[in-house]
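Reader: Could you walk me through this structure, one part at a time? I am new to reading these.

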Amino acid sequence: MSNKIVMASLMLALGLLLAGTELTGAQSIGVCYGRNGDNLPSQAEVIELYKANSIGRMRIYDPDQATLQALKGSNIELILGVLNDNLQALTDPAAASNWVQNNVVAFSSDVKIKYIAVGNEVPPGDTKAQYVLPAMQNIQNALASANLQGQIKVSTAIDSSLLAVSYPPSSGAFSDPANQFISPIISFLVNNGSPLLANIYPYVSYVQNMQSIDLAYALFTSPGVVVTDGAYQYQNLFDALVDSLYSALEKAGGSSLAIVVSESGWPSEGGTAASPENAGTYYANLISHVKQGTPKKAGQAIEAYLFAMFDENLKAAGTEQHFGLFTPSKQPKYQISFA
């Protein structure tokens, strides 16, 4: 083999390695893009803000056409949401097929849709809960008809309230009502190789249990191990919450499932422990931490989406309006790097 060929091979290998490294770095963290405000930038401006900050993943909560148009050619990976109010309609296979044609197939060649989140935090006791799995199945079938089932995975987003037990993490278990709701969904996810999307909020756990949870444990700033659970040692609450959900999945036939953290954030004002200092600390530490994985899944980077891109002034008063990483004028609230 000539020196030129050897050199060309080495350059190609180096190029692929660098390309892979760059891709991983650019897409290591995602940010949720909600539009529940009357003072937010245009969708095209938002996509440019993602690109300018090397944010390689986005979650949106409905198939907003202007956002999907602006995402074309951006290379940003997307979680595309189905609104809870639309779940019942999508139990009709024809309606699901139309939804997929209009919002997925129409954009699939130019927009990197990775997951479809069919519903967000639907409570097991809610009347809408009965529609989640049928809608997921119909969306899945429509994707298969379009030959996109290998490219786009169908899931739903849950929160930690489905757990009856979350401490210690190894004892994590779904409540009885949650089990009836989530067990068939777990089977669907296992059969289709889809992850479970989970919204994980140490902030909520902290403010609801301040007598037993230290703020440093919630902010990733504990100087040492706080919880020892058999072979696993926990230095932060985020890992404990994720691993308690993994334990619950194992007990419910979902030991093969991966968890994608589809929301996690900390408010900058509006409630207990809600301050720019705490929020900035949480976001910065979460970004650096997800590369490591949890004690149960050590070394396996966590795909995580920060909540949220902007403060949204049409949400309920209090902390809900203050989860933004940026102000509506596109100014960063914190000095953090997303890449």
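Reader: Which strands does helix α4 lie across?

Author: Helix α4, residues 93-105, lies across β3 (77-82) and β4 (112-120), and runs at about 150 degrees to β3. Helices (H or I, at least four residues) and strands (E, at least two) are DSSP runs, numbered from the N terminus. Axes are lines fitted to C-alpha atoms, for helices over the stretch in contact, and angles run from 0 to 180 degrees between N-to-C directions.

Reader: Before we go on, where do these values come from?

Author: This is a predicted model, in which local features need pLDDT of at least 70 and side-chain atom pairs count only at pLDDT 80 or more, while totals for chains, interfaces and linings use all residues. Residues are numbered from 1 along each chain as its sequence is written, and side-chain values use heavy atoms, with hydrogens and water left out.

Reader: And what do the eight strands close into?

Author: They close into a barrel in the order β1-β2-β3-β4-β5-β8-β11-β12, with parallel pairing, where two strands pair if DSSP finds at least two bridges between them. From one strand to the next, the twist averages 25 degrees.

Reader: How many bridges join β11 to β12?

Author: Two bridges join β11 (residues 259-264) to β12 (residues 304-306), and the partner of valine 261 in β12 is alanine 304. Three bridges join β1 (residues 29-32) to β2, where the partner of glycine 30 is arginine 57.

Reader: Which way do the side chains of β2 point?

Author: In strand β2 (residues 57-60), Arg57 and Arg59 point one way and Met58 and Ile60 the other way, and all are buried, meaning under 20% relative accessible area, with exposed over 50% and partly exposed in between (1.4 Å probe, protein chains only).

Reader: Switching topic, is threonine 67 buried or exposed?

Author: Threonine 67 has 0% relative accessibility, so it counts as buried. Threonine 67 sits in helix α3 (residues 65-71) and, leaving out residues up to four places away in sequence, touches Tyr33, Arg35, Gln43, Met58 and Ile60, contact being heavy atoms within 4.5 Å.

Reader: Last one: at what angle do α5 and α6 pack?

Author: Helix α5 (residues 129-145) and helix α6 (residues 176-192) pack at about 15 degrees, with their axes 9 Å apart. The two helices α5 and α6 are therefore roughly parallel, since angles under 35 degrees count as roughly parallel, over 145 as roughly antiparallel, 65 to 115 as roughly perpendicular and the rest as oblique.
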